[in-house]
Amino acid sequence: MTLASARLGDSYTVSNLGIDLDTKRRLGALGLTRGTKIKLLNRNRSGSVIVMVRGSRLALGRKIAESIRLREA
């Protein structure tokens, strides 16, 4: 499943980041890497999402959220 289709309030583990290298490095610097546990906090109509990553809230756009593959924690 992708981050864009995840259920609100559930916890997941990131299994794959299918995005370009620059974006992957930026997300890695923010703590979002493969194997990281995240929790989906909110989803907007535009497709953007807000997730809890290592104790911090992180907002991601629709295109990035559709590229992040998850498995249930």
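Predicted model: local features only at pLDDT ≥ 70, side-chain atom pairs only at ≥ 80, totals over all residues.
R7 is partly exposed, with a relative accessible area of 43%, where partly exposed covers the range between buried, under 20% relative accessible area, and exposed, over 50%, using a 1.4 Å probe and protein chains only. Residues are numbered from 1 along each chain as its sequence is written, and side-chain values use heavy atoms, with hydrogens and water left out.

**Salt bridges and charge**

- Side chains of opposite charge can pair when their charged atoms come close.
- The structure holds three salt bridges, a salt bridge being a side-chain nitrogen of Lys or Arg within 4 Å of a carboxyl oxygen of Asp or Glu.
- One of them pairs R7 with D10, and the closest N and O atoms of this pair are 2.8 Å apart; D10, at 25% relative accessibility, counts as partly exposed.
- R7 also meets the side chain of E72 in a salt bridge, with 3.1 Å from N to O.
- E66 is partly exposed with a relative accessible area of 41%, and R62 is partly exposed with a relative accessible area of 45%.
- Through shared partners, salt bridges join R7, D10 and E72 into one network.
- Across the protein there are 15 positive and 5 negative side chains, and the centres of the two sets lie 4 Å apart; Lys and Arg count as positive and Asp and Glu as negative, while His and the chain ends are not counted, and each charge is placed at NZ of Lys, CZ of Arg, CG of Asp or CD of Glu.

**Overall fold and size**

- The secondary structure of the protein comes to two helices and five strands, where helices (H or I, at least four residues) and strands (E, at least two) are DSSP runs numbered from the N terminus.
- Read from the N terminus, the elements follow the order β-α-β-β-β-α-β.
- The radius of gyration of the protein is 11 Å, close to the 11 Å that the globule rule gives for 73 residues, so the protein is as compact as a globular protein of that length; this radius is taken over C-alpha atoms, and the rule is 2.2 Å times the number of residues to the power 0.38.
- Along its principal axes, the C-alpha trace spans about 25 × 25 × 20 Å.

**Burial, surface and contacts**

- Of the 73 residues of the protein, 33% count as buried.
- The protein exposes about 4600 Å², and carbon and sulfur atoms supply 45% of that area; accessible areas come from the Shrake-Rupley method with a 1.4 Å probe, and for residues only the protein chains shown count as cover.
- Among contacts between residues at least 6 apart in sequence, 56% join residues at least 24 apart, a contact meaning heavy atoms within 4.5 Å.

- T2 lies in the segment before β1 and is buried, with a relative accessible area of 16%.
- Leaving aside its neighbours within four places in sequence, T2 is in contact with A65, E66, I68, R69 and L70.
- G28 has its place in helix α1 (residues 21–29), and G28 is partly exposed, with a relative accessible area of 28%.
- From C-alpha to C-alpha, G28 and N16 are 12 Å apart in space, and they are 12 residues apart in sequence.
- R54 is found in the loop between β3 (49–53) and β4, where R54 counts as exposed at 61% relative accessibility.
- The phi angle of R54 is near 50 degrees, which is a positive value in a residue other than glycine.
- S56 has its place in strand β4 (residues 56–60), and at 43% relative accessibility S56 counts as partly exposed.
- S56 and R43 are 13 residues apart in sequence, and from C-alpha to C-alpha they are 16 Å apart in space.
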